[in-house]
Structures are given as structure tokens and as C-alpha cells.
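The stops below go from one chain to the contact between two others.

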Amino acid sequence: MNHALPVVASLIAMAVVFWPRYGLWARWQLAQELARRIRREDALKHLIKSEANGRVATLNSLAGALQISAANAASLLEELEERELVTFEDGRPLLRPAGRAMALHVVRAHRLWESYLAEQTGVPELEWHPRAEEREHLLTPEEADALAARLGHPTRDPHGDVIPPPHGDLEGDPGQSLNTAAPQTPVLITHIEDEPDTVYRQLVALGLRPGMRAFVIEKTPSRVRFWVDGNEQILAPILAQNVFVRPLPEFRTEDLVEEEFLSGLKPQARTRVIGLSPACRGQERRRLLDLGFVPGTVVEVEMISPAGDPTAYRVRGTIVALRREQANLIRVSSKEASDR
Amino acid sequence: MSSAHPPSPTENVATAPVVDACASCSVYRAANLKKLGVAMEDWDFVVALAGNPNTGKSTVFNALTGLRQHTGNWPGKTVARAEGGYAYGDHRFKLVDLPGTYSLLSTSLDEQIARDFILFGQPDVTVIVADATRLERNLNLVLQILEITDRAVVCLNLMDEARRHGITVDDRQLARDLGVPVVPASARFGRGLPELLQAINEVATGQVVCRPQRLETVPAAIRPALTAVVGELEAAYPNLPNPRWVALRLLSGDESMVDALRGGQLGTLHSLATTESNKE
Amino acid sequence: MPPSPSQPASQSDQILAAAKQWRQQIPGDLHEHVVEAIYGQAARIAERSVSSPSQAARPTFDRSLDHILTSKLWGFPIMILLFAVMFWITITGANIPSAWLSWLLIDQGHSWLRGIFQSVGSPEWLTGFVVDGMYLATAWVVSVMLPPMAIFFPLFTLLEDFGYLPRVAFNLDRLFKVSGGHGKQAMTTMMGFGCNAAGVVATRIIDSPRERLLAIITNNFALCNGRWPTQFLIATVFLGSLVPAVLAGLVAAAAVTSVAMLGVLLTFLVSWGLSRTLLKGEVSTFSLELPPYRPPRFWQTLYTSLIDRTLFVLWRAVVFALPAGAVIWLVANVYVGGESLAEHFIRVADPLGLFIGLNGVILLAYVIAIPANEIVIPTVLMLTVMTTGLQDVGAGTGVMFELQSGDAVGQLLTAGGWTTLTAVNLMLFSLLHNPCSTTIYTIYRETGSAKWTMVSTLLPLALGFVVCALTAWGWRLLSVAPG
């Protein structure tokens, strides 16, 4: 009888540790397997991104991107070769079809998840990328397709990157960087590079987003001074090179300067809507459109809450109250602003 | 014709067969209305009630069915779908109150309910309640619905308020521009309801055939895509009453539309006007 | 000609493929192009058929009313005055019908029904179960709940129909924005002062998912009219008696107001916390339309608000009160091992209750009076009589009752071991505990989510335990130190 207790206790302990699937050991192994898979997928992602951007991936670039030692990167590449995902040519790693498909899926899942977070949740902008970095490894291709359908098959993610179609190819070349844009020439921001994270955070904090219109005012070796959506900004060149733009030949700089935001409108003033800012996304954007904030609509400031915010605007015969942050998303013409 | 007869819907619309004068006067017709509440077992026609929030849609619903759904002066009060019924003349009508929405294009649940009911529920008539004081805004929804269905009646509600605001609406011109009957009303005071009932009846029984105005200028940016998909749709489903709307929804990746296409429900959608004439 | 049943699968795949391919070629957002085109056409059509006066389209009446009701100077005073008047009418107006209903349903109806049961020879346990338990609980809920609701809701609805409430939301939005909520939450909170279940239903006016959930979860912090009587009674009996009689009323009123204000403060604090944690990922879209003013139709409003709000809520309350009445009678009358179930529970829960400055009786009362806060005090009195073994008060085991004079209540409860701390903490716990079952059920119906129902139920309860425990700890510290 005396021996029963220790025996039962050790049996229970053994079960807790070694129980198939639910035991600690099994779980630990699963977690290890997942961690290894994530590392493989991250490596493949690095290869396909380098390729799309016309760069050559090397052992060192891989080690840098994954923040691992060169020795670990080498064994990782060996593992990828064993699994027939990667082949070597002149000592450089190249993707094989299976590896390319896997890499493409990861990129697709990442960008879809970012789109989902941007369009259908209230998750703050700075968390989109880190959350997508985790989720990209957990979505199956079928889940990614279902997500795409739910989102209405978006073609670009919130950073302006093209979401690759299933079995498609990864498009590179997001355009020229703001660094190289000619002064006094209107451009459209097409892409904000989300890596490295520290740079991305600064750009987001400045409110820069794909879809904004800008022009460089002046460029010196130490800084880039530029106009963007009504404000003047200054960036160090190292930051500006992560902002990608394409020229807007149909606009003159004067056209851009004439724009201001609805929030800047004085009480009793009236003006015309030019458009919604790209920072306005998802349901919020649809709602504002449905309320009639479309280009050409005349808006009037009707009254301001005694607490100072929100402000009620008269738009298409209806009075709609908007908070200051929302009014900051609606571009209006400053030229046509007039008192009633 | 008595003066209370509703304005003839449009000039290019086949006019209703001549009815005897008394039967068309509103007093007679109002006496014909039997409010049935929710006690609806069987019905001859299904009528959907759509409209922007805060346009008095629920007031119209209550006035016709005798139900007392709460109508607050809040935008978007009707949340769930409410149903009721009434009998008018020899026919029994089931009235379905759809959620009040500004649009039918978004992903919100309200809009999906309204959109799917008008398209797949194939109501015999869709009554669109519009606020006469804010017509421009309300026409956004009216025009979207007219893209989906060709059997609609616009109830131009809150005429009393429009008058108070000094606004006049030329309902004949509006009817001509929209291609569907337009009935001015003040549902709160019961004005215009007899005419509305008659217009619904005429459209439901096919006495009046609507020629709804569809979007006249397709934006250049989407024209090639829309034309191509409409072409594919028309080749596959020659009877589809609203290929452009379906194409638009497919292009924006509307899942219920994709499912309908895959599941073959799209093939069962066809112009109601065609079936009516086929029955005869 | 019947339509062909289903097109070949390949055909639909072909269309889908075309749609997919063309979708990639559309520059910008499809939705935006379409909305712009539709609004363009709408403007053209409206221009042809609408002629509005060349002057401002809004009538000067609406405009000047708006400028007064939302002005910096008058906006808030008018609002406070209107709501103060509304609450005053509700509270004073409800007293008379409440007393009358209480006399009819409880004093007369109860003994009358007992008489009937006894005359047909019903066994005592059945009479107790049905009449003392189920009937009495329901009668109590109806007589306390119905009159204030029947006054409050129509008044509220009149303001709503007139179009004033959206202006209140407009005025107060800034306050709620800071805590992550929507200005319309002011309305649902206000409604919650009438009845939390009705307040939860009223959150439908908030169309942004995150803000609506916030309003639902925090609605319970609005002290509903089922809890006001408890607050007033305890404040008068225990806190009013601490000061000279002249000041008693004032102190009691101040105490109750403080508790209600604490509820409002917690509404903001909890909203703030939730919108930064649990509700962080929920979608938020603010929009507030200010509709034109419309003269409300008095009788219609009266009718619909009675049917839709008052009777709707009352019916749900009755449905839950019936079984609860039965349970209350049963726990007091079913004996296990020589003690009733209630006594077992109280003995076990007493240490916990005392630790947080309450007692086992109060905890049990809140467990079994979950259907309606109205029956908490009668249940507490009944249980106290039972545990103290007093002979000359009460109406029998398991029969809820009320005492006419406050002093009698005070004596009874003091005999039950109550102190000033117990009273203060009961007031706090009455504000901070799980919503009544009617409200919980309504939250489930409105959110359709077990998760959010659980959060709304357990969060205030947990807060209640924490706040009461802290108060008790502080109280003991202070009362030991000087002595």
C-alpha cells in the first residue's frame, strides 16, 4: 500500500509529460517544428523578395535578414536544399519551383492579413506588420484564398505592395524612392517599406501613407524637405529612401497646394470636396462615401459642439457630425472656400 | 379621372388599363385596405420596403400593416427585418421592412441583408421611401436599387416637411427621370398612402411596367472591366434582368454573388416582367 | 418558358475568371468610382426636379434652435435642466402608482391568493412555493418596476422623436471620445438609469461595432431604477442616522448621488480600459447624423414606448422573476441536515462576505435575487429574520416582506450584525455586481456572443468584490488607528 502513492504519482507525471499530442513533450516538439518551419519560410521569403527587387541573396544577406549567425544561415540553406526547395548556382541560392510556391504563399498570406487588419479590424497601424509576420506562417493556402474572397480580392496591401495572386509571381519595383524624385514635381506615394521596423515606425508616425500626393521642395545631402498632403515634412535621406513614389504627370504643384482638409474649415465656411485621404480605410471610408463625401460635393460648416469637437457639416442636404480626426481625412479645396 | 388619382408614372410607360372612375379615387381605395399585421399565411405579392435611415420608412410600414414598430428620430432604427401584411383590393401583400441603409455597396450586415433580399428574394415590388427634403442624398440609394430591380415605386415621403422648408419637388419630372412611379406622401399624417397602395398594386399586377433609369454614365475607369463581364454574363444568362449590377458585384468580389453564380441561383433570376407575360 | 436550371459549371468558372482578371485592371477602388458616378447622376436628377428657396435650405427655426441647444453658453445648462426635470417627474410621479400597486398586488393580492389556495385545500408547501415564492416575487417586481418605467420611457421617447437626443450626443461626444466611446453612449447610459435591459437594447442606435460593445458592457454602471430604492433605504437608515436629524435627508441624498456618480465615473474608466485592451481590435466608425426636428406625436409615442420598451422589458423581468421566486422560497424551506439550504449557504459564504465588508446574507440575496434588483431588500430582510431567529417580525419562512418604518429596518439589520461598513459596502455592491438576468439575457440577444455576455456579467462583479474589499480594508485601518 505504501508504494502505491509514489507509483501513481510518477505514472501521472509520465502521462503529463509523454501523453501523445497533448503531453508537454509532444507540445514542445510541435513548437520546435513550428519554429523550424517559420525559419525556413522566412528564408524563402527573403530569397523571393531579393529576387523581385533585383538583388542577389547571399549567405550574409540571409543571416542579416533573419538575424541569425552565418553558420546557422548556412545550415538553414543546406536544409532547404535537402528539401528540394532551393538549389545553388555559382554558390548563390536560387528558388526551385516548390520553394517559390511556398515563398509566394507566405508573402501573399502576409499582405492579405495586413489588408484584413487594415480593412476589417480596429487594430492600430503599427501592429499590422508584426501581427502579419506571425500569421503568415499559420494560414493555409485555402484560408488565404477564403480571406481574399472575404476582403473582395484586394490587389494591394495597405502599404501599397501588390498582393501576389495564387500561383502568380511576385512583382518587384515599387518605383523610385523619394530621395531620387525631382524637386517641384508632383508625385504619388506608392509604397512605404515596412522593414526595418524602426524606420517604418518613424514614417508612420509622420503620417506618411501610400496614396498621398507630394512634391520635393528642396534636397540637400543631409535632408529632404517635401510637401505632402497639406504639410511640409523633412526627412533624413536614409528615411526618405524607404518612401517610394511615382510621378503624377497630370498635376501641377499649384494644384496640390490648393488642397486643405475639412478640419481646417472655418465656422460658417463652405467649400468643395476633392477626395478622401488614403489613410481613411475600410468601413470608415465606405461610410464617408455613402454619406456623400465624394469629389465635387459642397460642404458647409454648420455648427461646432460646445465641447469643441465634433463639428457638424452640412453635406447634400443632411447634417452630419464628424470628429476632428475624420475631418482630417477629407481633402477639400482651399481655393473655393468661401463664407456663406 | 378624379383629382386624387396619382400622377401618371411616366410618359414612356404603358399606361394602366382604364379603370372606372370611382375605383380609382383614393377614398374608395383606402376603404379597400385591410391591415393584416403579422397574420400572414399566404400572399399574392411580396413587397420590400427600402430606404435611407430616418426617412419615415417605419411609419409607412406601420401605416400599411397596422403594426406598431417603434420609429424614433434616430438614423437607422430598424435593425432586424420586420414583416407584416395587408390586403388591398383582391390581393394580399406581404410587406418586408428592410434595414435602413445609405447604400447597398458596402460590406456591412445591414446592407447585405437589404441587397440580398432585393436581388435574391425577388420581391414583386420594391418600395423605396425617400426623404423629399434631402432628395439628392436619397437618390444615391434609389439609383442603386433601380440597378437591381425593375419593379419599384418611389415613395417621396415627408412632403409636409419639405413644404415647411420651402422645398418643392416636381414628382412628375422625377418619375420621368427615374422611370418608375413616384408617389408624394406624408406618411405621418396618412397623406399619399392610398396613392401609394394603388401604385404598388399596379406595378405588382403588371398594369404599369417600369422602365427604370440605370446609371447613364459608367465611369471610364471601370468601363472596360464592366463591359467585359457584362458580356460574359449576357452570353451565359440571356434572361438576367440586371447583368450590370451582377457584374459590378462580381468585380467587387461579393461572396454571396459568387456563391449564387456557382450554385446556379443566378440562372433562376430573370425579369419578372417576362414571367408575367409568359403566364398569360 | 422555365429558365434552365443551372448553367454548366465551366461557364460560371469562366465568368468568375473574367471578373477576377478584370478586377486587377481597375485603377483605384471600384466602390469609389461607382459611388461617385451615382452621386453625380443623383445631383443631376435632383437639380431637375427639386427647387428649394434661394436662401439657406434649412428653415431658420431649426437653425436657431440648433444654435441655442448646442451653444457654448446654453448647450449644457439646458441639457442638465431637461434631464433633471425628467428624473424628477419620474421619481415623484412613480411614488403614487407604486404604492398603489404594492397595496393591490402585495398587501391585498398576496393574502387573497393565499386564501384561495387554502380554501381549496392546497398543501402548505404548494401554497408556499406558488404564492409566497413565485407570485410574491413577480408582484414585487411589477409594482416597483412598472410605474417609473411607464413614466420615464415615454418622456425619453418624446425627446428622442423630437430629435433632441442626437444633439445631446453631439454635445457630449467629446467626453466619450476620450474614453473611446461614442457620443450616443450618453443616451444609452441615460436609458440605463431607467432600466439596464432597455439601455442595452437602445445601444442599437450606435452603429460602430466597438463603441456599441462598450456601451453594452458599461451600461450596468448606470444605477437602474430597481436599485435606487435600495440605495435610498440603506443611506437613510444607516448614514442619515450618523448625523443630526436635520441633516439626515441631505446626507442620504448626497450618499446616493455619490454612488450614482461613481457609476458614471466607472463607465468612463472601464470604457477607457476596454477600448485599449479587450476591444482594441474591434472596428470603429464614427458618424452622427443630426436629423431635422420633428414635432413628436404625443399619443402615438406614448403608445409605442409603452408597448416596445416598458412592456417588453417588464415581460422579460416577469419571466425571470417567476422561477426566482420559487428558488427563494425553496432555499429557505428545504432542509438538509436540520438546516435550510439558505443557512448552509450563509454559513459558508459568511467569511468571504465579512472579508469584503458584507455578509453571507447579502451574498445569498444577490445570488437568488438575480432576476431583478427590486427584490434584493425584501430577500435580505427575510433571510436576516431567518438567521437571527427573531420571532415577532417577518411574514414567515421564505416569504419576502418590507417594513414600513426605516427604524424597524435598522433595528432588524443591526440585530443581523450590520455595521455602517456593511451599509456602505451594500450600496457599493448594489452598484457593482452582475447585471440582473433580464439584462444578461438581453445582452446575449443583442451581441449574440457568449464571450461578451460573460465579460459584461463578470466584469462589474469582479469590480464589486475589489472595491468592497478595498473599502473594508481601508475602513478597518482607519477605525483601528484612532481607537
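A salt bridge here is a side-chain nitrogen of Lys or Arg within 4 Å of a carboxyl oxygen of Asp or Glu. Keep that in mind at each interface, and note that the model is predicted.

**Stop 1: the domains of chain A.** Colour chain A by its assigned domains: domain 1 (16-171), domain 2 (176-256) and domain 3 (258-339). Between domain 1 and domain 2 of chain A, the C-alpha centres are 29 Å apart. Domain 1 of chain A brings 11 residues to this contact and domain 2 of chain A brings 10 residues. Together the two domains bury about 1,000 Å², with 44% of that on carbon and sulfur atoms.

Now select Glu125(A), Leu126(A) and His159(A). These supply 56% of the area that domain 1 of chain A buries against domain 2 of chain A, more than any other three residues. How many salt bridges does the rule find across the interface of domain 1 of chain A and domain 2 of chain A? The count is 0. By class, the domain 1 side of chain A that touches domain 2 has 2 nonpolar, 4 polar and 5 charged residues.

**Stop 2: the sheet of chain A.** Show the strands of chain A and find the open sheet of 6 strands, ordered 3-8-4-5-6-7 with antiparallel pairing. Strand 3 (176-177) and strand 7 (231-235) of chain A are its edges, each pairing on one side only. Inspect strand 5 (residues 213-220) and strand 6 (residues 223-228) of chain A, which run antiparallel and are joined by 6 bridges. Within this region, Glu218(A) has Arg225(A) in strand 6 of chain A as its bridge partner.

**Stop 3: chain C against chain B.** Select the contact residues: 65 from chain C and 69 from chain B. The buried area is about 6,100 Å², and carbon and sulfur atoms give 60% of it. Ile15(C), Glu289(C) and Arg294(C) supply 12% of the area that chain C buries against chain B, more than any other three residues.

Across this interface the rule finds 3 salt bridges. To see one of them, zoom in on Arg134(B) and Glu289(C), whose side chains meet at 2.7 Å, N to O. Helix 2 of chain C gives the most to the side of chain C that touches chain B, with 16 residues.

Finish at strand 7 (residues 168-169) of chain B, which pairs with strand 1 of chain C in the antiparallel sense over 2 bridges. Val169(B) has Val50(C) as its bridge partner there.

Notes:
Residues numbered from 1 in each chain as written. Chains lettered and ligands numbered in written order. Predicted model: local features only at pLDDT ≥ 70, side-chain atom pairs only at ≥ 80, totals over all residues. Heavy atoms only, no water. Pairing = 2+ DSSP bridges. Helix = DSSP H or I, 4+ residues; strand = E, 2+ residues; numbered from the N terminus. Contact = heavy atoms within 4.5 Å. Buried area = accessible area lost by both parts, 1.4 Å probe. Domains from an automatic or database assignment. Nonpolar A, V, L, I, M, F, W, Y, C, P; charged D, E, K, R; others polar.
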